[in-house]
Amino acid sequence: MSVVLSARNLSRIYPARRGSIAAVHQVSLEIQPGEFVAVCGRSGSGKSTLMALLGALALPDGGTLHFEGIDLLQLSPPKLAHLRSRRMGFMLQTNSLLPGLTALDNAALPGLLAGEPQKQAYSRALALLTRLGMGERWDAFPHELSGGQQRRVSLARALQHEPSLLLLDEPTSNLDPLAEEEILKVLQGLRDERKLAIFAVTHGDQLASLADRVFQMSSGELSLTAKPSAPASPSSLIDRRGPVFEKPPQNLTTQETPTPAPVGEWRGPASFFLATLILGAALLFSADRIIAWSQGRQLWAKQEKKRITEEIAFRQLRADVESIEAMGNGNVRANLFLQNYDSSRGFFVLGPSLRIFYQADGHWDSVPQETPEGSEAKIQEVVPTKTLIPFQFKLLPSKYDELIRGYFHIRITSNMVISETREAKGDLFERQDDYYIYLQDPRLTVEEIRRRNGWVAGSVVPPWIAMPAH
Amino acid sequence: MKSPWPIALFLVALAALIYGFTRPVSQPPAPLNEKISRRHPTPLSDLQTLNQSTGQNISQSVFRHLDGQLTPWSSLPKEKPLVLVFFSHDCDCSLEFAKYFTLAMKNSETKAGWYFVFTDTPAQIHTFMNKIGTNLPSLQDPDSKVGRRLGITKSGCFILAQPDGLVSAIWPGTSLASLNDLFSRLRLPPLSPDLPDLSGIPQAPTVGCPLQP
């Protein structure tokens, strides 16, 4: 079997104020295809530096390094980068996912950069994400993923171009036990299926327990050590059921013998905490709902009041020109009426305030209004019978627009404030109406109007014609 | 220590109940006020159209009695001019205006004959008469032939026709002034606006519902 990676007497020395420090000292290591090598050790023991040297990410100060028979230390930087990007997969401690790309884009990136067809690169990236339990989150951006999920995307990216050597730096940090177990299963599967050589530095016993060989790194030196025993798998922990005590404890120093609680009953601080949490949440929710309901009721009542006032203004109050009477010499006496259509609900009106215009040259010219004594704008109750609002004006213009020949075109603008109470408190609503009428020019005879309009003799010539209020 | 689970469960149930009672419920829109009359001022175009129709002769027109018998113009009484009032059975305005025309009819019987013309079926016309509590002299104008010929499309319009069928005036809507114009043409004194049966009569020409052809 050919060796994937062969390192001989690798050393890396960092200069320091109190002399040089050997981060990696005379390390020799060979990794076979399909072999899983784990390196454990305390922080600062040189594990990550060793991984950087093995991946040719950093140059050693001494020793040799061969990858698939190629002397990496003799390659030019471009050739080294080319080789790394196609034959090695890295998963560093920092995820270094590109923030502007989705999980799928990030995972497919090595393939895309290597010139692989897009469809193929994305298809493999999606398969890897799915295998790592991230298939549902393929469109999430890194900031939308938890630390553990980002680790899985990083691993997918490291595996994208199907490397022969995978270098992992703390691959299962930030992962919950179940996720860690999933990732380890994937790594095991890849190792078995594709004879993938894996080199991993780790703190975790669970990862190390799966390795074929486990090394201990200490002060830059590597020594073979025994594999740690596999800790209980998280799933088996979760599945465990049963009473806390198999049988009542004996020989306790207290005189009272504790009675074991049946499964499912309240016991322990975690259960107490959970129940308190639910209790608190329920209290908060109830309080929030009651406050929201109370506020909602107040708001609804206010809106309802406003709606009723509006309804009164637009549906219950009818107002229009009741009568127009020419009094001679251009004097016109008129009545506006107000009527409440719903006797079950009373309301009051302030006003109306009236303005009168006639049309001339396409414009509305104002006509002075003469309000009869005692009919000034005031608050008055609107009742089911018509309440008449009298008003007078004088109109004898020398020129006016004749939409119908021989008739003035008159606009009466009315403004009213509607209230449910006589005191006009609370919600008030202002309603404005424009009433349009055609009024015979008193200077013309009926025959003259018929003649001007081309109407036959005997045809009807109304003294005035109203238009719908609008 | 006693278990807090029952309290927690009770509170959760309470919260669910509170949610059920306090969840926002959308308010249905207020129904339209059906009491609002559908009557409208006479449109100017109606006045123009009907004044153009004045002077036509309707002596060839054929009506129907409520018993189904065809009633040509020639079979109608000839001694006086005729007033034809156009009504619709399901029209609030026709119901409202009926009392004004009844009063006008009673006050002008010596000078004119009156007919209330409907496009509706005899059964519908009977229903209308039951509603107003009076049996007015009625004719059926099937397919609104007469009305359409004169340009009358809405209830509340009325005409004055001479015994020879000549239409001497068409009022494009009901109003006190319109009725008094009719009375003036019949050489009758005007109706007093203080008469109780004229309470609420429109002052400007007003029409009701469209006539069903």
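The entries go from whole chains down to one residue.

**Basis.** I am working with a predicted model, in which local features need pLDDT of at least 70 and side-chain atom pairs count only at pLDDT 80 or more, while totals for chains, interfaces and linings use all residues. Residues are numbered from 1 along each chain as its sequence is written, and chains are lettered from A and ligands numbered from 1 in the order in which they are written.

**Chains.** I took helices (H or I, at least four residues) and strands (E, at least two) as DSSP runs numbered from the N terminus. Chain A has 10 helices and 20 strands; chain B has 6 helices and 9 strands. I called a residue buried if 20 or more other C-beta atoms, placed from the backbone, lie within 10 Å of its own. By that count 30% of the 470 residues in chain A are buried, and 36% of the 213 residues in chain B.

**Helix pair in chain A.** I looked up α3(A), residues 103–113, and α4(A), residues 118–131, which pack at about 125 degrees with axes 8 Å apart. Axes here are lines fitted to C-alpha atoms over the stretch in contact, and angles run from 0 to 180 degrees between N-to-C directions. The two helices therefore count as oblique to each other, the class left over once angles under 35 degrees (roughly parallel), over 145 (roughly antiparallel) and 65 to 115 (roughly perpendicular) are taken out.

I then listed the residues in contact (C-beta atoms, placed from the backbone, within 7 Å). They include L104(A) and A108(A) of α3(A), and Y122(A) and L129(A) of α4(A).

**Strands in chain A.** I checked the partners of β18(A), counting two strands as paired if DSSP finds at least two bridges between them. β13(A), residues 347–360, pairs with β18(A), residues 407–419, in the antiparallel sense over 9 bridges. In β18(A), S414(A) is the bridge partner of L354(A). β18(A) also pairs with β19(A), residues 429–440, in the antiparallel sense over 12 bridges. There T413(A) stands opposite D434(A) of β19(A).

**A204(B).** Where does A204(B) lie? I found A204(B) in the loop between α6 (176–185) and β9 (206–207) of chain B. A204(B) counts as buried because it has 25 C-beta neighbours inside 10 Å. Leaving out residues up to four places away in sequence, A204(B) touches W464(A), I465(A), A466(A), P41(B) and S175(B). The C-alpha atoms of A204(B) and A177(B), 27 residues apart along the chain, are separated by 7.4 Å.

Methods. Buried ≥ 20, exposed ≤ 12 C-beta atoms within 10 Å, placed from the backbone. Contact = placed C-beta atoms within 7 Å.
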